[in-house]
There are 4 protein chains.
Amino acid sequence: MFFASDNAGPAHPSIAEALVHANTGYQMPYGKDTIMDQVRDRLRTIFEAPEAAIYLVATGTAANSLSLATYCQPWQTVFCSPVAHINEDECNSPEFYMGGAKLTLVGDSDKMTPAALRAAMGHDARIAVHSAQPGPLSITQATEKGRIYTCDEIAALSAIAADLGQPTHLDGARFANALVALGCTPAEMTWKAGVDVVSFGGTKNGCVGVEAVIFFDPAKAWEFELRRKRGAHLFSKHRYLSAQMLAYLEGGLWLDLAKRSNARMALLADGLRKIPGTSFLHDPQANIVFANLPRAAHKRLMQAGARYYLTSGDLDGADEDELLTARLVCDWSLPEAEITRFLEIAAG
Amino acid sequence: MFFASDNAGPAHPSIAEALVHANTGYQMPYGKDTIMDQVRDRLRTIFEAPEAAIYLVATGTAANSLSLATYCQPWQTVFCSPVAHINEDECNSPEFYMGGAKLTLVGDSDKMTPAALRAAMGHDARIAVHSAQPGPLSITQATEKGRIYTCDEIAALSAIAADLGQPTHLDGARFANALVALGCTPAEMTWKAGVDVVSFGGTKNGCVGVEAVIFFDPAKAWEFELRRKRGAHLFSKHRYLSAQMLAYLEGGLWLDLAKRSNARMALLADGLRKIPGTSFLHDPQANIVFANLPRAAHKRLMQAGARYYLTSGDLDGADEDELLTARLVCDWSLPEAEITRFLEIAAG
Amino acid sequence: MFFASDNAGPAHPSIAEALVHANTGYQMPYGKDTIMDQVRDRLRTIFEAPEAAIYLVATGTAANSLSLATYCQPWQTVFCSPVAHINEDECNSPEFYMGGAKLTLVGDSDKMTPAALRAAMGHDARIAVHSAQPGPLSITQATEKGRIYTCDEIAALSAIAADLGQPTHLDGARFANALVALGCTPAEMTWKAGVDVVSFGGTKNGCVGVEAVIFFDPAKAWEFELRRKRGAHLFSKHRYLSAQMLAYLEGGLWLDLAKRSNARMALLADGLRKIPGTSFLHDPQANIVFANLPRAAHKRLMQAGARYYLTSGDLDGADEDELLTARLVCDWSLPEAEITRFLEIAAG
Amino acid sequence: MFFASDNAGPAHPSIAEALVHANTGYQMPYGKDTIMDQVRDRLRTIFEAPEAAIYLVATGTAANSLSLATYCQPWQTVFCSPVAHINEDECNSPEFYMGGAKLTLVGDSDKMTPAALRAAMGHDARIAVHSAQPGPLSITQATEKGRIYTCDEIAALSAIAADLGQPTHLDGARFANALVALGCTPAEMTWKAGVDVVSFGGTKNGCVGVEAVIFFDPAKAWEFELRRKRGAHLFSKHRYLSAQMLAYLEGGLWLDLAKRSNARMALLADGLRKIPGTSFLHDPQANIVFANLPRAAHKRLMQAGARYYLTSGDLDGADEDELLTARLVCDWSLPEAEITRFLEIAAG
């Protein structure tokens, strides 16, 4: 009953096999492997972006930090949600890669609104050389709270950034989960909605450790390559990144896995809804939910070995009925039986 | 009628004369001048801190950025008010000097409260290596809104930082204005209230361009010296910084000048209070006030040559009675007659 | 006939299999996997260093940059050979991670001498705050020219650094190749010779992409963890780094692979010696040699599909007898038959 | 008898007076003062560069670091002499401002030669993303050894940089000393010889503390302004920088002062030449010389209160005839009588 994250399950067997399959003979190092040529072609086709510059790195933080650094000068500020991964979970990595640029937190929710973004970008004090200059917008899709921006919502936000001449970055650590939930095309969710660069996640959705960075405009491609190398993120035996990504894309595996984890979450949420007193911070849209359950239910679950984080409240406490909030995440490999068991124990 | 800032008036004549007076013969460069020995002695006496490590730089931003960098690791975050100078007016200089550390904005006011600071520092997500680690607290005294923390308020905030093992920095660009308003001693407003390092401002209070950085614990003195040099803020002809600071301290000039600019502000505020419909965001405590005046009054003032910034609203507009907020600052050199004239025009 | 590098061959099958084997069930992310516990134990035993702090990253550049940054302040300088990987092949990654520290190049050879190091460290100008302050020593073992420092040579160099209070870093991208050539223990080549931190290479010696960073003194362990995360080098699905390293250590595979590539090089060098007119820049000691061959031989080899770099001279040129220098590297997977064929073609 | 540096004497009285003269009424802060308008006009005329972007900072290190950072990407390397001030005397300030770019040391002399520069820039290993990318050239004029590049020599070097698409920076901390020695125009020594940006020194030549940064192509002007602010080098009371620079330029004072210090050096060198056994590392061309004198002479001089640095050898030692090298610098304020006295004591 592992619901703590989608970064603790195994990779899909096809991806592990792809590593073994790639493990023969010599391949040119540093991204010049022939598998990478296929990855590039495949992603350009999937994104309907024949000119896109495409790179692989091994961690989502690297994808985000390197993308943002390529578009953000050190005297600028990135606009993002207060709960964005780049703000809360990357130990100042974006600031490090950007040479000391700032993050400006927009609104107080996981989903930025145009009004909040406009207010943040149009700050009265943003004059002359004194304040941080406006820089890129970064949207997390799906959000850290498990919600999804519609393509129109993305377009509305990116248009505000574009008005200031600023590009839009999409942190797509859970890109596939959002995409299959929306039922749109990758192009619709990105460049057609004004997105300039995407961190296209693989790791949380069944890979060993690989993320693509996709620049729809290749103007800064060479700069990105230098930044990646300088960041120590250029793999010599790059074929093993390429092989993962190719297997991930092959036959739509990436979409299947996301559908599976979203479906698991739907099953879990449906079950929880039937338990009296249970509620959600938001209706789940992808593979994450924040659910309020009575302390007694949490105690039973933890005792039975369920793994997840409480984001409010404390397990220790006398009042068995007090509601404590749990962050529950379903990864692709989670067996349905585990969900059934979780629900049974939660129901008491 | 210059009310736009306290950085546009002349230096006090004694300070300019001190530069001329110092301008004779050879003096060892880089802070080894004999005048600096006197500055060090004088400040140690004034602060009742015989062990303090004391340095001079030419700008307030340098004083703040270098102080914070000495106490904040690149993976940490500084806690400050959203309107702190270090957040709004230094173009990412602190982040640059700190190597990409973050600023965490505490509450939504110029004066941080213990509750807001505790909430910001105790963030649930501040776990493991993922989030920025807690770093120093930075208090602006007087605040950018012209308000003052009492010594007890400073002590309450610094105690929260100390609980996390973190030091407290005081941005004292307007140190003297706050001090004379409180009527306490420099020691009471700093180390006795838990402050570890002070940016002790001279520039805004009648100097040409000089700020002292005062570390009450000299443990990081040598590191600071290296950081200052690396930041290109070590003056070869350092005597001209020393001479300013010595003249500033001589005979309590620094206190006299602050009393004068605070008194000017009191005069201005008293006058404004008598104009019907006028109000303040906060009662003025030092030498800054944010005053709401009708558009018509602003138009008359601007036309008569008054210089100041509107911080809300737009001078152009039909409604002559609409209240627009002005930021009004009195520097030491502002003639009383200018205030009288300003008030007459404002009254209409 | 691939002699261009040891980063283009496949991983050893055991290592690829280990990835598949590890690919089951949930494992705690971010280095808390149970496989990492075994890696830690194993490396502590191998290095006779029960207190060592041990971490895994995916690239050699990350291992070097993060290690050095942990020990080098931004106002210091690292001492290394002019041909060190950290100087020539990492696109300023160490400088980036160290926040702008400098590299001081010692002597003009791949192997630093005590005299050259003493001269570089004792620079007359290194006074006061003006010059870069002395920082760590970084030794590349085996060197980029394929040569090896004896344990005594390492000890002599590290003693000079220690005299200035500075630690010693060993860039061991080819640690195993050096170790088996010397026939000493890992402890003898490292901490017993005054080394404080090692980049312990796996990638060039048969892994997919993994390097260990080993601190013999764990005092800076937590700082390293924060730096690794901030550098975006902390893997969420860390088990796949651990699994590689465990398989690499298992049954002494790492030593076997190094012996194999060194033996291939010995075979190659013995063959080359028999070809009249051939000479070496240095006698090969590990798995790299720089060999002078006539232009005609290079032309024959390249035409037959041999892959390697010329480090001096140009293939195009009339004089068939002119000697051009080739950098030849043997990796563990290089078949003996390829060497035989290479030698036959070279001999003409 | 102060010969230790040209940074320890007083400012010229006209410059100190200019500070007092400027010290009246309100002036717009942050470089918008009316005196700066005159400085800009004057320097554009002097340099025959009507489009030049011109800024003032207070230290030479700031001028150099900010100029180089504006032209050098973090993954590039600056080419300079090993004894350049930016390499030896700025505690990694350029590396800090450039975000971790490298300095590549060209040749082994204070004056770079075209051959050495070509060799350094054309390094075989400078391939792909692995090595630092070529960045700007930085020429020190006059050099730290007191020598001067002819305009043709500057042009020959800058042409090599331009071939790689790289700009040329001139560290002119002693710009005036070089200019009057060459007897050419400022334009001839800079943009007509291929120089793109100049650190135009005032501090060492009679100012209190001011240097101009002059970009002949204003394309990066706004970026420089942001970098200056972010570096904490933008003065609020900027008029005091402007006033110094204006007085420095007024009536050719800057040229007079440089002629004076060069003449003092000529007098000193002429006298030293007459002392048997005395020799120079280089014939003095500006206001610095490195002179070999017997230990006995040094002892007499030091005892009599002469101040200067020995750059080789040790005052303590038995052999009274052993030659020790002194670095002797003449500043504008050095009285002729002090030189006469120095020579008498040196002669014994």
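**Notebook: domains, sheet and symmetry**

I began with the two parts of chain A and noted that domain 1 of chain A and domain 2 of chain A bury about 1,900 Å² between them, with 61% of that area on carbon and sulfur atoms. I am working from a predicted model, and I keep that in mind for every entry here. The domain assignment that I used places domain 1 of chain A at 13–253 and domain 2 at 254–347. Taken over C-alpha atoms, the centres of these two domains of chain A are 29 Å apart, and their contact draws 26 residues from domain 1 and 16 residues from domain 2. I then looked for salt bridges across the interface of domain 1 and domain 2 of chain A, and the rule finds 0.

Next I turned to chain D, where I traced an open sheet of 7 strands with mixed pairing, in the order 1-7-6-5-4-2-3. I marked strand 1 (53–57) and strand 3 (102–105) of chain D as the edges, because each has a single partner strand and so keeps one side without a neighbour in the sheet. From one strand to the next I find that the twist averages 25 degrees.

Within this sheet I followed strand 4 (residues 133–140) and strand 5 (residues 168–172) of chain D, which pair in the parallel sense over 4 bridges; in strand 5, D:Thr168 is the bridge partner of D:Leu137.

I also checked which strands two of the helices lie across. Helix 3 (residues 60–71) of chain D lies across strands 1, 2, 4, 5, 6 and 7 of chain D, and runs at about 20 degrees to strand 7.

In chain B I looked up one residue, B:Ile46, which lies in helix 2 (residues 34–46) of that chain. Leaving aside neighbours within four places in sequence, I find B:Ile46 in contact with B:Pro186, B:Leu249 and B:Trp254. B:Pro186 is 140 residues from B:Ile46 along the chain, yet their C-alpha atoms are separated by 6.9 Å.

Last, I compared chains C and D: a rotation of 180 degrees with 0.0 Å of shift along its axis superposes chain C on chain D, with an RMSD of 0.0 Å, and that is the relation of a two-fold axis.

Technical notes. Residues numbered from 1 in each chain as written. Chains lettered and ligands numbered in written order. Predicted model: local features only at pLDDT ≥ 70, side-chain atom pairs only at ≥ 80, totals over all residues. Heavy atoms only, no water. Least-squares fit on C-alpha atoms with pLDDT ≥ 70 in both. Pairing = 2+ DSSP bridges. Axes fitted to C-alpha atoms, helices over the stretch in contact; angles between N-to-C directions. Contact = heavy atoms within 4.5 Å. Domains from an automatic or database assignment. Buried area = accessible area lost by both parts, 1.4 Å probe. Salt bridge = Lys/Arg side-chain N within 4 Å of Asp/Glu carboxyl O.
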